[in-house]
Amino acid sequence: MLKRNFSCLAPKPQEFDPLLIESKTAATVVLMLSSPEEEVLAKACDALYKFASKGDENKMTLLGLGAVEHLYKLISHEDPIVRRNAIMVFGIMASNHDVKKLLRELDVTNSLISQLALEEDVVIHEFATLCLAHMAVEYTTKVQIFEQGGLEPLIRLLSSPDPDVKKNSVECIYLLVQDFQSRAAVRALNVIPPLLELLKSEYPVIQLLALKTLEVISKDRETRIILGENKGLDCLLKILEVNEFSDLHVEALAVLGNCLEDVCTLQLIQQTGGLKKLLSLVGVSTVPDIQKNAAKAITKAAYDSENRKILNEEEVEKCLVNLLEIDNDGVKIAAAQAISAMCENLASKRAFRLQGIPQLVQLLSSDNEEVKEAAVTALANLTAASPSNASAVAEAEGIEPLVNTLNAQRDGAIANAATVLTNLATQEPFRIDIQSCGIMSVLVKSLRSTSSQVQSKAAFAVAAFGCDADARTELRNAGGLGPLVELLYSKDEEVRRNACWAVMVCASDELTAVELCRLRALDILEEINLSTGRKNNFSEAALEKLLDNNLSQKYSQMGYLSSSNIITDGFYDYGQVSYFK
């Protein structure tokens with residue numbers, strides 16, 4: 001384990017002479033573990049420790065010779081030297097998967113936990129915690145340690161004067177708090193103060209493990225409150241301000257990101273100037289993971305309306321727009337997601353109009369499908385109920401790449417591209433430009449999608465563009481009416497409603513209405529309208545529209561025409577439909 005000045009810890013002195021035995025075979029030494037003499041036991045354990053330290057193959061050899069079972073009996077030996085040396089072997093051997101499996105079967109955790117008492121030797125603490133840390137990667141062992149009361153002594157050892165003990169203890173706690181029960185327990189056991197103290201350690205690995213543990217437990221609001229009360233935010237901000245701690249910045253930002261979810265925390269950081277410092281740090285950093293985690297922290301904070309207001313006051317939009325231009329896909333994705341979250345604030349929505357929308361449009365041409373999805377999702381949020389932002393997308397030459405995005409590989413990208421195009425379609429000039437790109441032909445593939453999200457948005461887009469006769473003709477010629485009618489069968493309420501809406505709009509001319517009837521849209525709509533659970537306002541309106549634009553069918557179906565129905569050439573009476581035979 002290295003200090004920040006990269007000097008190594010001095011090895012602990014041995015308190016006994018090397019084992020002097022004639023036979024140098026491991027098997028002989030394992031047999032000596034049954035000796036009644038304490039000195040022989042201590043030296044045998046020491047020899048096995050050195051043997052096991054040389055590699056995994058040696059550990060497997062000792063496992064096969066039955067050494068683990070013998071050592072298990074010795075870790076509770078009354079002689080402290082024997083006990084210490086036996087635990088040292090356990091600690092070094094527990095890194096092996098097969099050894100760990102046997103240790104679980106022997107249920108050694110309780111014996112190891114009992115060795116964590118303050119009066120025990122520091123070497124025992126070191127190797128007992130090392131063994132527990134190796135074993136705690138398994139869920140069943142996590143449960144055992146928790147149920148056997150292992151958390152309290154582990155937390156106590158975070159204040160040990162020995163750095164190895166601290167490192168092993170915090171690592172074990174980090175693994176244990178992956179389970180929600182342990183997270184609540186460590187909070188009750190007041191783990192925050194010793195963890196914050198570890199951030200001052202001269203050993204980077206200890207600092208890193210402390211931050212990783214804080215990141216996990218700070219997902220709980222109660223823990224975040226305690227963290228704030230113990231001035232944990234100040235500690236995190238100080239780490240971010242020190243260049244020497246750049247290797248800790250990613251994890252510190254992750255913890256801070258959890259804390260920023262709370263309005264009171266964000267207000268406190270803003271009042272102390274910490275938020276401005278944080279945004280400034282992100283602006284000058286060239287480390288992608290730091291930039292990405294900062295954007296993620298902003299996203300978490302932006303889920304709350306009050307937080308969005310605070311972030312807007314600090315002009316977070318400029319920071320996010322700059323991140324969109326970083327040459328790293330992960331950063332671009334995180335920044336776009338943060339923009340999506342900030343869009344709920346109207347002031348932020350306006351701020352992204354000139355700076356943000358052009359960059360997002362450029363990302364639609366990315367080779368990375370996740371980047372494309374994140375960008376188009378942000379555009380969908382930016383253009384929702386915002387004609388000005390919709391105009392900005394068109395002015396940034398976003399129409400063609402949006403239509404191309406309908407052929408993306410990710411369902412989220414396709415659905416959101418359809419949403420943006422629908423938002424643009426509320427303005428006639430843009431609707432005409434989009435239609436000139438063959439939007440209806442492209443939407444046919446989306447109507448056939450197996451994703452209900454894509455189906456819903458595609459049907460909604462058809463409804464938006466189907467008000468123009470040329471668009472309806474394009475859809476009809478592209479074979480889009482069939483898959484649209486199929487969506488009327490959907491069990492998804494939103495898909496079914498949007499499909500009914502699209503059918504209602506498309507039935508505005510006789511040719512399309514007749515084709516829809518031929519595809520059984522009329523029969524399906526009648527079935528839907530007979531069901532109280534499936535019918536909707538659009539299903540009833542669609543049925544009426546179909547009949548009004550297919551008068552021959554209406555007369556056959558209803559036995560009469562309305563005064564507003566005008567008969568033209570081609571009308572014929574082929575007899576009233578009989579429902580009883």
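## Exercises on helix packing and aromatic pairs

L487 sits in the loop between α34 (481–486) and α35. Helices here are DSSP runs (H or I, at least four residues), numbered from the N terminus. The model is a predicted one, where local features need pLDDT of at least 70, side-chain atom pairs count only at pLDDT 80 or more, and totals for chains, interfaces and linings use all residues. Residues are numbered from 1 along each chain as its sequence is written, and side-chain values use heavy atoms, with hydrogens and water left out.

**Exercise 1.** Work out whether L487 is buried or exposed, and which residues L487 touches.

*Solution.* 
- Step 1: start with accessibility. L487 has a relative accessible area of 5%, so L487 is buried (buried means under 20%, exposed over 50%, partly exposed in between, with a 1.4 Å probe and protein chains only).
- Step 2: list the contacts (heavy atoms within 4.5 Å). Leaving out residues up to four places away in sequence, L487 touches L447, Q455, A459, V495, R496 and A499.
- Step 3: check one distance. L487 and A459 are 28 residues apart along the chain, and their C-alpha atoms are separated by 8.4 Å.

**Exercise 2.** Now take Q455 and find where Q455 is placed and what Q455 touches.

*Solution.* 
- Step 1: Q455 belongs to helix α32 (residues 452–465).
- Step 2: its relative accessible area is 13%, so Q455 is buried.
- Step 3: Q455 touches S446, L447, S449, T450, L487 and V495, again not counting residues up to four places away in sequence.
- Step 4: from Q455 to N498 it's 43 residues in sequence, but 8.8 Å in space, C-alpha to C-alpha.

**Exercise 3.** Describe how α35 and α38 pack.

*Solution.* 
- Step 1: recall what you need. Two packed helices are described by the angle between their axes and the distance between the axes.
- Step 2: read off both. The angle between α35 and α38 is about 25 degrees, and their axes are 8 Å apart (axes are lines fitted to C-alpha atoms, for helices over the stretch in contact, and angles run from 0 to 180 degrees between N-to-C directions).
- Step 3: see who takes part. From α35 come R497, C500, W501, V503 and M504, and from α38 come F538, S539, A541, A542, K545 and L546.
- Step 4: sort by class. The contact of α35 with α38 has eight nonpolar, one polar and two charged residues (Ala, Val, Leu, Ile, Met, Phe, Trp, Tyr, Cys and Pro count as nonpolar, Asp, Glu, Lys and Arg as charged, the others, Gly among them, as polar).

**Exercise 4.** Find how many aromatic pairs the whole structure has, then look at two.

*Solution.* 
- Step 1: a search of the whole structure gives three (rings of Phe, Tyr and Trp, its six-membered ring, pair if their centres lie within 6.5 Å; planes under 30 degrees apart are stacked, over 60 edge-to-face, the rest tilted).
- Step 2: for Y49 and F127, the ring centres are 5.7 Å apart and the planes are at 90 degrees, so this pair is edge-to-face.
- Step 3: Y49 is in helix α2 (residues 38–52) and F127 in helix α8, so the pair ties together parts 78 residues apart in sequence. Both Y49 and F127 are buried.
- Step 4: for W501 and F538, the centres are 4.7 Å apart and the planes at 5 degrees, so this pair is stacked.
- Step 5: W501 is in helix α35 (residues 493–506) and F538 in helix α38 (residues 537–548), so the pair ties together parts 37 residues apart in sequence.
- Step 6: W501 counts as partly exposed at 27% relative accessibility, and F538 is partly exposed at 22%.
- Step 7: F460, W501 and F538 form one aromatic cluster.

How values were computed. Helices (H or I, at least four residues) and strands (E, at least two) are DSSP runs, numbered from the N terminus.
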